[in-house]
Amino acid sequence: AVTPKIAPSMLSSDFANLASEAQRMLDFGADWLHMDIMDGHFVPNLTIGAPVIESLRKHTKAYLDCHLMVTNPLDYVEPLAKAGASGFTFHVETLKNDWEELIQRIKSHGMRPGVSVKPGTPIEEVFPLVEAENPVEMVLVMTVEPGFGGQKFIPQMMDKVRILRKKYPSLDIEVDGGLGPSTIEVAASAGANCIVAGSSVFGAPEPAQVISLLRNSVEK
Ligand code: DX5
Ligand code: ZN
């Protein structure tokens, strides 16, 4: 059975105090820390890379759920593994026919592979990767255009989540973008179990309450 994983997006944290921000989220009940890695090319924003993951890893044992919004994910496998990344979720839009090697390399470096789809990408594109002999272990359905926190949830993306959940009852299905108390019900009832939330958690007066509300919705 799928279990809830609540993953605050550290993109909404104070990067100058990343270790304490991360610890604060774990103390508030977070399961994972969602780390948005952008290259200024696949998306029009630039964030963090392996050196920052390596620094954070020295301060926490938490699962670091890395979301690679980069044009060449293969180049990031070795540096991120050495830095201490836990999950490695690449975008299907970046692939040619090299995904089997990519998944293999992610696993052989001890990380958990995932694949993500932008809002305009049909969900069918991930089916071969989920059904492969050496499959991805999570699908991340983007519910905003990747690149920035604080955007509005796109409810039409729930069709993708429903299709995935029906086809793959035990798959980890993650949603990312605009998730919070007002959108979690629709996402959880569509079948999402891994919930990324940036601005709704970091902007809340009581982040612990938001995290437990997200968890309760998934568990229902
Ligand atoms: C956007 C990132 C998200 C972002 C989510 O490209 O992938 O993880 O931080 O932020 P919110 O929850 O504020 O939409
Ligand atoms: Zn993300």
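Predicted model: local features only at pLDDT ≥ 70, side-chain atom pairs only at ≥ 80, totals over all residues.
The shell around ligand 1 holds 22 residues, of which Ser9, Leu11, Gly149, Gly198 and Ser199 come nearest. Three elements each contribute at least two residues to this shell: the strands β2 (32-38) and β8 (194-197), and the helix α8 (199-202). Sorted by class, the shell has 13 polar residues, seven nonpolar ones and two charged ones.

The second topic is an annotation. In an unreviewed UniProt entry, the feature "active site" is placed at Asp36 and Asp176. These positions are spread over 141 residues of sequence, yet they cluster in space, with a largest C-alpha distance of 10.6 Å.

Asp36 sits in strand β2, one of the elements that supply residues to the shell around ligand 1. Asp36 counts as buried because 24 C-beta neighbours lie inside 10 Å, and the cut-off for a buried residue is 20 or more. Apart from neighbours within four places in sequence, Asp36 is in contact with Ser9, Leu11, Thr47, His67 and Met69. Ser9 and Leu11 are also among the residues that come nearest to ligand 1.

Asp176 belongs to strand β7, which covers residues 172-176. Asp176 is buried as well, because 27 other C-beta atoms lie within 10 Å. Again leaving aside neighbours within four places in sequence, the contacts of Asp176 are His67, Leu140, Met142, Thr143 and Val196.

Key:
Residues numbered from 1 in each chain as written. Chains lettered and ligands numbered in written order. Near = placed C-beta within 6 Å. Helix = DSSP H or I, 4+ residues; strand = E, 2+ residues; numbered from the N terminus. Nonpolar A, V, L, I, M, F, W, Y, C, P; charged D, E, K, R; others polar. UniProt positions renumbered as here; feature names shortened; annotations may be inferred. Buried ≥ 20, exposed ≤ 12 C-beta atoms within 10 Å, placed from the backbone. Contact = placed C-beta atoms within 7 Å.
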